[in-house]
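Colleague: Please pick one spot and take me through it closely. Then connect it to the rest of the assembly.

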Amino acid sequence: MSTATLSHTQAITAPGARRRRRPHLPGQKPFGLLRVTAFVVLALLAIGWLLPFLWAIATAFKTETDAASGDPSWIGATGPTVEAFTAILSQGNVYTWAFNSLWTSAAITLITLAISALAAYAFSRMDFTGRKWLFVVVIASIIVPPQVLIIPLFYQMLTFNMIDTHWGLILPQVVAPAMVFILKRFFDAIPIELEDAARVDGASRFRIFWSIVLPLSRPILASVAIFVFIGAWNNFLWPFLVINDTTLMTLPVGLQTVISAYGVQYAQVMAQAVLAALPLIIVFIIFQKQIVKGVATSGFGGQ
Amino acid sequence: MTTSATASGAATRTIVTGSAASAVPARRAGSRNREQLISWAFLAPFLIAFALFLVWPIVHGIYLSFTDQSLTGAGGSFVGFANYGEALTDPVMWQSMWNTVWFTLLSTVPLVVIALLMAALVDRGLPGQWLWRLSFFMPYLLASTVISQIWVWIFNPQIGAANNILKALGLEPLAWLQNPDTNMLSIVIATVWWTVGFNFLLYLAAMQNIPPQQYEAASLDGAGPWRQFWSITLPQLGPATVLILILQILASLKLFDQAYQMLGGVASDTTRSIVQYIYEAGFVNYRFGYSAAISYVFFALIVIIGVAQALVSRRRKEL
């Protein structure tokens with residue numbers, strides 16, 4: 001029963017979940033010239049895309065002298081070392097920044113998801129005056145670039161006394177009209193009969209939302225959550241403006257401030273880049289399917 | 001099983017309550033009011049945040065753009081259209097606007113074409129799907145800080161990998177980010193590497209939505225993979241391409257993070273984007289009113305592009 005419902009709603013592009021396509025079609029040689037060429041081009045592109053990161057990793061494992069020598073070999077003359085990593089990790093701020101990033105991104109994700117899902121449900125299922133025009137206003141606001149609002153938002157945070165606080169960083173980031181749109185479209189596709197049944201049995205609107213709609217929407221909620229989280233984790237401009245206190249900074253902003261302090265210590269700079277990249281790469285490897293789907297749905301939802 | 005039983009039971013009961021409600025209009029009006037109340041309760045958290053952090057800043061920003069408000073708290077008196085007049089005659093504003101448009105033009109074509117090429121190759125079903133997706137999409141997951149650090153190092157004129165490659169190819173080394181003629185190009189290269197994975201996934205999703213039966217039928221008719229791509233895949237990518245183009249243009253116009261960081265926060269006349277100028281006017285020169293005015297000039301550009309795009313896609317639908 002519920003499987004049927006899910007397959008219907010999951011029709012929204014899920015590239016990761018798809019079966020492998022036509023490895024052996026009639027009349028297609030498994031090692032045809034075109035197939036081999038395609039493989040070679042693909043491999044070259046992949047190498048090109050991995051190289052910058054591999055260079056960064058290689059440099060992170062060199063001594064500062066080797067890193068600055070300009071010697072292009074993968075392993076430095078003095079052999080591999082973790083010096084750069086220990087130097088970075090011995091500075092306490094990295095842990096603080098990682099923790100700040102983790103908790104503010106988690107808070108942004110949770111609040112965004114909660115308020116967007118509630119609103120999307122109202123837009124999808126409820127009958128209230130002004131529903132249509134209100135939805136149009138919310139959708140139209142998708143076009144407003146957050147960068148345009150930095151001046152009035154900063155001014156607002158000044159009056160709210162929220163400069164240099166994590167709430168000042170979090171709150172302006174929880175408004176995501178595009179997510180309301182994506183969730184509404186998903187809720188629209190859930191058969192109303194499922195809710196009618198519970199409604200007649202006397203369940204409240206919130207109960208229906210909580211115990212019927214949300215569980216059915218798990219795949220889309222995961223996609224939206226991962227996507228909001230990545231955006232929040234990597235956001236630079238707003239945290240850069242609103243946080244000046246070193247101990248309150250997020251990872252991207254904090255790391256940016258110490259680049260000049262390191263000067264030309266390339267091994268340390270690269271070690272820092274590798275460390276900062278690691279959490280999201282692990283997240284990607286674990287949640288690859290949901291992330292791929294999240295890009296597809298949020299992209300097609302109009303970002 | 002249980003759900004379907006409840007559903008059929010519910011259907012009958014819905015009819016009963018339905019007729020009862022129409023028989024008693026007063027009760028129906030009461031339940032409608034209740035529905036209204038519950039709706040607004042569901043909407044309230046989002047709407048409060050929406051009003052506070054989106055609608056109000058837009059309105060307040062317009063007000064600020066007509067004042068000489070400073071970040072230091074000084075000023076704040078009404079100056080009419082002075083800020084807009086200054087913005088429209090400010091050569092730095094126009095240069096930043098041009099840099100932004102130039103970056104958008106330079107970056108959009110490779111970001112769409114390379115993404116299409118990647119998706120078309122991965123969609124062939126070659127072994128190693130997981131690895132291809134990871135390689136192409138992984139950079140997109142990195143913070144602008146991280147990619148800036150990596151590319152500043154690659155573009156280092158003395159020890160960077162970019163010049164090593166040029167030397168290996170027998171070409172003259174470049175100063176990359178240090179040279180005003182090549183610094184925007186350097187930022188474009190880094191940006192293509194960084195964000196092409198997003199477009200790649202959008203294209204891949206669109207390609208994988210094409211029913212495999214179409215390929216099977218074409219294959220039985222003797223169409224090779226090349227022919228299949230031109231006659232089946234490409235024609236069905238129209239809507240995806242329009243979407244990717246729109247998203248890409250809007251994203252490229254917001255250039256700031258990587259351009260700012262790759263140049264170490266130094267303002268360069270050839271890379272300063274409009275968002276960077278908004279930042280500089282507001283947070284370096286403390287001129288909030290003027291910065292707000294530039295923000296709205298930029299917003300006007302975005303709206304014009306958005307409206308143009310809506311008109312074009314409506315036209316496409318009508319045709």
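Modeller: Start at Trp176(B), in the loop between α7 (161–168) and α8 (183–208) of chain B. Helices here are DSSP runs of H or I with at least four residues, strands are runs of E with at least two, and both are numbered from the N terminus. This is a predicted model, in which local features need pLDDT of at least 70, side-chain atom pairs count only at pLDDT 80 or more, and totals for chains, interfaces and linings use all residues. Residues are numbered from 1 along each chain as its sequence is written, while chains are lettered from A and ligands numbered from 1 in the order in which they are written.

The backbone of Trp176(B) stands out. Its phi is near 45 degrees, a positive value in a residue other than glycine. Trp176(B) counts as buried, because 23 C-beta neighbours lie inside 10 Å. The cut-offs are simple: buried takes 20 or more other C-beta atoms within 10 Å of the residue's own, exposed takes 12 or fewer, and partly exposed falls in between, with C-beta atoms placed from the backbone.

Asp164(A) has a positive phi of about 65 degrees, although it is not a glycine. Asp164(A) sits in the loop between α7 (150–159) and α8 (166–170) of chain A. With 13 other C-beta atoms within 10 Å, Asp164(A) is partly exposed.

Chain B has 14 helices and 0 strands. Of its 319 residues, 40% count as buried. Take contacts in chain B between residues at least 6 apart in sequence: 68% of them join residues at least 24 apart. Contact means C-beta atoms, placed from the backbone, within 7 Å of each other.

Next, the partner chain. 87 residues of chain B are in contact with 89 residues of chain A. Helix α2 (residues 25–64) of chain B gives the most to the chain B side, with 18 residues. That side of chain B divides into 56 nonpolar, 24 polar and 7 charged residues. Nonpolar covers Ala, Val, Leu, Ile, Met, Phe, Trp, Tyr, Cys and Pro; charged covers Asp, Glu, Lys and Arg; the others, Gly among them, are polar.

Phe50(B) lies in helix α2 of chain B. Phe50(B) is buried, because 23 C-beta neighbours fall inside 10 Å. Leaving out residues up to four places away in sequence, Phe50(B) touches Val138(A), Val175(A) and Val55(B). Ala41(B) is also in helix α2 of chain B. Ala41(B) is partly exposed, with 14 other C-beta atoms within 10 Å.

The contact between them takes 9 residues from domain 1 of chain A and 8 residues from domain 2 of chain A. On the domain 1 side, α2 (33–60) and α3 (64–68) of chain A each supply at least two residues. The largest share of that side, 4 residues, comes from α2(A). By class, the domain 1 side has 5 nonpolar, 2 polar and 2 charged residues.

The axes of helix α5 (residues 93–125) of chain A and helix α12 (residues 218–234) of chain A come within 9 Å and cross at roughly 140 degrees. Axes are lines fitted to C-alpha atoms, for helices over the stretch in contact, and angles run from 0 to 180 degrees between N-to-C directions. α5(A) and α12(A) are therefore oblique to each other. Under 35 degrees is roughly parallel, over 145 roughly antiparallel, 65 to 115 roughly perpendicular, and the rest oblique. The crossing of α5(A) with α12(A) is right-handed; that term applies if the near helix is turned clockwise from the far one by less than a right angle, and left-handed if anticlockwise. Residues making the contact include Ser101(A), Ile108(A) and Leu113(A) of α5(A), and Leu221(A), Phe229(A) and Trp233(A) of α12(A). The contact of α5(A) with α12(A) has 9 nonpolar, 5 polar and no charged residues.

Definitions and conventions. Two residues are in contact if their C-beta atoms, placed from the backbone, lie within 7 Å.
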